[in-house]
Amino acid sequence: MLLPFNALDNDEFKQMCEAIGKFGPGYEPPSQFDLREKLLSEEYARTKSLLDDREAQKIKLGCTIMTDAWTDMKRRSIMNVCMHCSGGTSFLKSKETSDVSHTGEVIFELVDKAIEVGAKHVMQVCTDNASNNMAAKKLLLEKRPNIFWTSCATHTINLMLQGIGNIKRFKSIVDQAQKVTIFIYAHHKTLAYIRKCTKRRDIVRPGVTRFASNFLTLQSLAEKRDALRAMVVDRAWEEMPIVKTKKGKDATATLMDANFWKGVTLCLKVFEPLVSLLRLVDGDVKPSMAWLYGEMLKAKTKIKEAFGNNEKNYRETIAIIDKKMKGRLDSPLHKTAYLLNPHYTYTNKDIFDDSSMTVGLMKCVEQYFGDDEISAKKMVNEEWLLYENMEGPFKKKLATSWERADYNPVGWWKLYGTEVPLLQQMAMRILSLTSSSSGCERNWSIYEMIHTKRRNRLTTDRLNNMVYIQFNTRMLSKRQRLKDKKKADSLLCNDASEAQGWLFEGGDDYALVVFRDGEDGDQGVHPDTGIPYDVLGEAMGAQEQLQVRRSARVNIRDLEEEEFESEEEDVLEEEEIEYEDDDEY
């Protein structure tokens, strides 16, 4: 049996090896029946017991229900349900829905059954913005008007990145960069040489989505800019036959083009605020509802600054963000969470005077308290005024801990909200919520790992139990690593499935990352000659080489579809490509 190399990174694999080693020679493994029945049931029960503390958190601070659908190798449609509380994300159950369409009614019934287990502790349902989910939302609000239904922030931010990445001027930079990496990774000699020049650090950095792969790879290119430019002016590079082809010359010219690097620099400046926000909502490090709206406003400000605060330049980009945000990330619940975070409101008291914020707060209070008008009125007319005016416990010197960006909003309300119990409870429950359902989507990779071609006869119940164990064990291990300060970039991925567009032509139909013309000068110089790379690029005719030449015989499409001129053995198969961790060097 062959195991993937990354199994060594799995804590459970290490524990298994240690446990087997303790038995020594003569150890007899369990039978198939024991594994499928007794041991699987015992492990399921053990895993469930490890999640008891999350049940306690759910009762104390409320939780979010998340759902998503997937089709397996036998074309069975499976819908799963996850729960998120302040302790993290947990897989609850899956249901086969092959015999029915995924209508709003079907999704509503699945979500409603999950809520029934502890209806008074469910604060919100979080899904993507698909029409069937919105239909389920209407049905749920009719039956349970006190529960909020919000759109997934990770999904929405990815849509923003997609829209911005499709803007012509940004797309051209991504396309240029992809042509360079495709050329390099398509040939053994060029790939080996670039690894030599970059100390075996790969350019392509696969992410959890295509958008993440684009940003991470552009960032990687920018980090290795001088090494790449030094490489293409080296004689060993110039003497490679493949480099003398049209695509080889274009790759060389791109890496020596000052305008290309200016575009990469500015595109990273424009994208970085949204990518940072994506890390926040997708990282599961802390409940993100408290920070989403405020950080989105900051991201828009930073993007405008990247464009020099020139409205003509940033108008189209900001319009895309506003369009995707409307109705998804600016709901009454999002605005109330923003108001309840003193990190924003006590820094800028004018936020309290914003009429749109007040309207959002009132709608949220009405939905949260429902028929309990007495509590709603007391909270708004008495307790809220103490918070807004920084009176009572809110004016204590110790309460200024909100000034720190790493403070805990829920802990802050627990300490200083004792004199406003209704507001305190509402604040703690809202600020403990997640804003993303990506944790629910993340276990499809576990389904695919368990439900392989050789194991596609698993029953849905057994598959459900195995996913329950695998997913929850993995999330518990991740939580422990966070406590141990062994943090990892939530956008990085172990495989290249979402980075195909950087490896071969046609691997990615969309260019989804933000790119822009930059104002920063190109400051690098060649390490041996001291000549600025701007000058070298000019002397080599970099910009001229990249200009498309029109001809009566050859049109632009013909040029784009030109094949690599290389021997068969030079073409790399996808599985041959290895990825090194930049942090190791």
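**Salt bridges in a predicted model**

Guide: The side chains of Lys300 and Asp322 meet in a salt bridge, 2.6 Å from N to O. This is a predicted model, where local features need pLDDT of at least 70, side-chain atom pairs count only at pLDDT 80 or more, and totals for chains, interfaces and linings use all residues. Residues are numbered from 1 along each chain as its sequence is written, and side-chain values use heavy atoms, with hydrogens and water left out.

Visitor: How many salt bridges does a search of the whole structure find?

Guide: Side chains of opposite charge can pair when their charged atoms come close. To count as a salt bridge, a side-chain nitrogen of Lys or Arg has to be within 4 Å of a carboxyl oxygen of Asp or Glu. Searching the whole structure this way gives 14.

Visitor: Is Lys300 buried or exposed?

Guide: Buried means under 20% relative accessible area, exposed means over 50%, and partly exposed is in between (1.4 Å probe, protein chains only). Lys300 has a relative accessible area of 16%, so Lys300 counts as buried.

Visitor: What does Asp112 count as at 5% relative accessibility?

Guide: Asp112 forms a salt bridge with Lys143, their closest N and O atoms being 2.6 Å apart. Lys143 counts as partly exposed, at 46% relative accessibility. Asp112, at 5%, counts as buried.

Visitor: Which residue meets Arg462 in a salt bridge?

Guide: For this pair, the N to O distance is 2.9 Å. The name you want is Glu37.
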